[in-house]
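Here is a quick tour of one model, written for someone who would rather look than calculate. Keep the structure open as you read.

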Amino acid sequence: MAVFETQHIVDNLRGAREEWRQAHQRLNELEGQEFPSVQALIQVTEQLKGILFPMRLGSPELRREYEDHFVGHHLGQALNTLLQQARIELQRAALLRGDQHDRQTIEEQAHKAIQAFADKLPDLRRTLDLDVVAAYQGDPAARNVDEVLLCYPGLLAMIHHRIAHTLTNLGLPLTARIIAELAHSQTGIDIHPGAQIDHSCFIDHGTGVVIGETAIIGKRVRIYQAVTLGAKRFSKDEKGLLLKGQARHPIVEDDVVIYAGATILGRVTLGAGSTIGGNVWITEDVPAGCSVTQANLLRNQPDCPETLR
């Protein structure tokens with residue numbers, strides 16, 4: 001094995017770390033693990049998928065008579081790993097806020113959040129069942145619901161999103177974001193865990209779909225590839241820094257269809273039952289029942305019910 005001179009590199013890397021910590025006021029770091037582990041959350045997410053759909057996404061050797069045992073065993077493992085990651089995230093958040101590190105309080109908060117997450121898993125499964133049915137009914141190429149669950153990237157993205165959104169609402173946004181980004185890297189579908197998505201959502205094909213943090217999507221919405229539900233502009237404070245958490249993404253009401261390549265920006269509303277054609281650019285509200293295409297936008301005449309014109 002070749003021998004290299006590395007001590008000066010180690011020293012310089014330490015200097016780079018210290019410069020970063022000094023510049024970003026990170027001198028009072030936690031002594032141990034500072035952030036939730038990506039590798040641990042990969043394992044947890046795979047376990048959760050098997051827990052939610054044991055005979056499809058669980059162990060290939062699993063038999064139906066052992067489903068409950070499989071679910072119970074893996075649920076205990078997954079929740080304990082999640083508890084550890086929640087503890088790390090909450091400790092980090094307390095440090096950044098300047099709170100005292102009361103380990104008992106952190107432990108109680110983490111346990112409460114993970115127990116609440118576990119309690120929501122049955123409802124999460126039922127919502128995902130509706131997403132599966134929506135995909136099957138919305139795609140003539142889908143031969144059965146099992147094919148949807150096993151093969152469709154949009155459904156994989158929805159599983160990750162519904163797990164991540166639940167964790168976000170329970171005060172674990174960084175853990176949630178990691179889980180969301182796992183699906184993003186696998187599918188090309190980028191859904192921020194803060195986005196609110198009601199049941200029976202079908203993302204067909206999916207590559208290039210972007211759904212922003214404050215987007216709100218209603219029931220039975222169908223979205224095709226390369227659709228963006230994004231922000232039109234970003235508000236800044238008096239120092240020129242971006243303001244966080246402001247509502248800046250679209251509201252999509254029930255039964256809307258958004259075809260490939262459409263870009264919808266800002267806090268606009270797509271009314272119930274409207275259809276958004278491919279490759280259109282929308283920055284204004286669309287009334288309920290309207291059909292918006294490139295052709296009628298050029299004519300400045302969206303195809304809407306007579307009562308709305």
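## Strands, salt bridges and a patch

Strand β5 (216-217) and strand β8 (residues 251-252) run parallel and are joined by two bridges. Ile217 has Val252 of β8 as its bridge partner. Strands here are DSSP runs (E, at least two residues), helices are runs of H or I with at least four residues, and both are numbered from the N terminus. Two strands pair if DSSP finds at least two bridges between them.

Before going on, note that this is a predicted model, where local features need pLDDT of at least 70 and side-chain atom pairs count only at pLDDT 80 or more, while totals for chains, interfaces and linings use all residues. Residues are numbered from 1 along each chain as its sequence is written, and side-chain values use heavy atoms, with hydrogens and water left out.

Back to the strands: β5 and β8 belong to an open sheet of four with the order β2-β5-β8-β11 and parallel pairing. Because β2 and β11 (269-270) each have a single partner strand, they stand at the edges, and one side of each has no neighbour in the sheet.

Now for the charges. Side chains of opposite charge can pair when their charged atoms come close. The whole structure has 14 salt bridges, each counted when a side-chain nitrogen of Lys or Arg is within 4 Å of a carboxyl oxygen of Asp or Glu. Among them are these:

| Pair | N to O distance |
|---|---|
| Asp131 and Arg162 | 2.7 Å |
| Glu65 and Arg63 | 3.0 Å |
| Asp198 and Lys219 | 3.2 Å |

Asp198 sits in the loop between β2 (196-197) and β3 (202-203), and Lys219 in the loop between β5 and β6 (222-223), so this pair ties together parts 21 residues apart in sequence. Asp198 is partly exposed because its relative accessibility is 29%, and Lys219 is partly exposed at 29% as well. For these labels, buried means under 20% relative accessible area, exposed over 50%, and partly exposed in between (1.4 Å probe, protein chains only).

Are Asp131 and Arg162 buried or exposed? Both are buried. Glu65 and Arg63, by contrast, are exposed.

Finally, have a look at helix α6 (residues 121-138), where you'll find Tyr136. Tyr136 counts as partly exposed because its relative accessibility is 35%. Together with Val133 and Val145, Tyr136 forms a nonpolar surface patch of about 210 Å² accessible area. Patches take residues with over 30% relative accessible area and no salt bridge, joining like charges within 9 Å and nonpolar side chains (Val, Leu, Ile, Met, Phe, Trp, Tyr) within 5 Å. The areas come from the Shrake-Rupley method with a 1.4 Å probe, and for residues only the protein chains shown count as cover.
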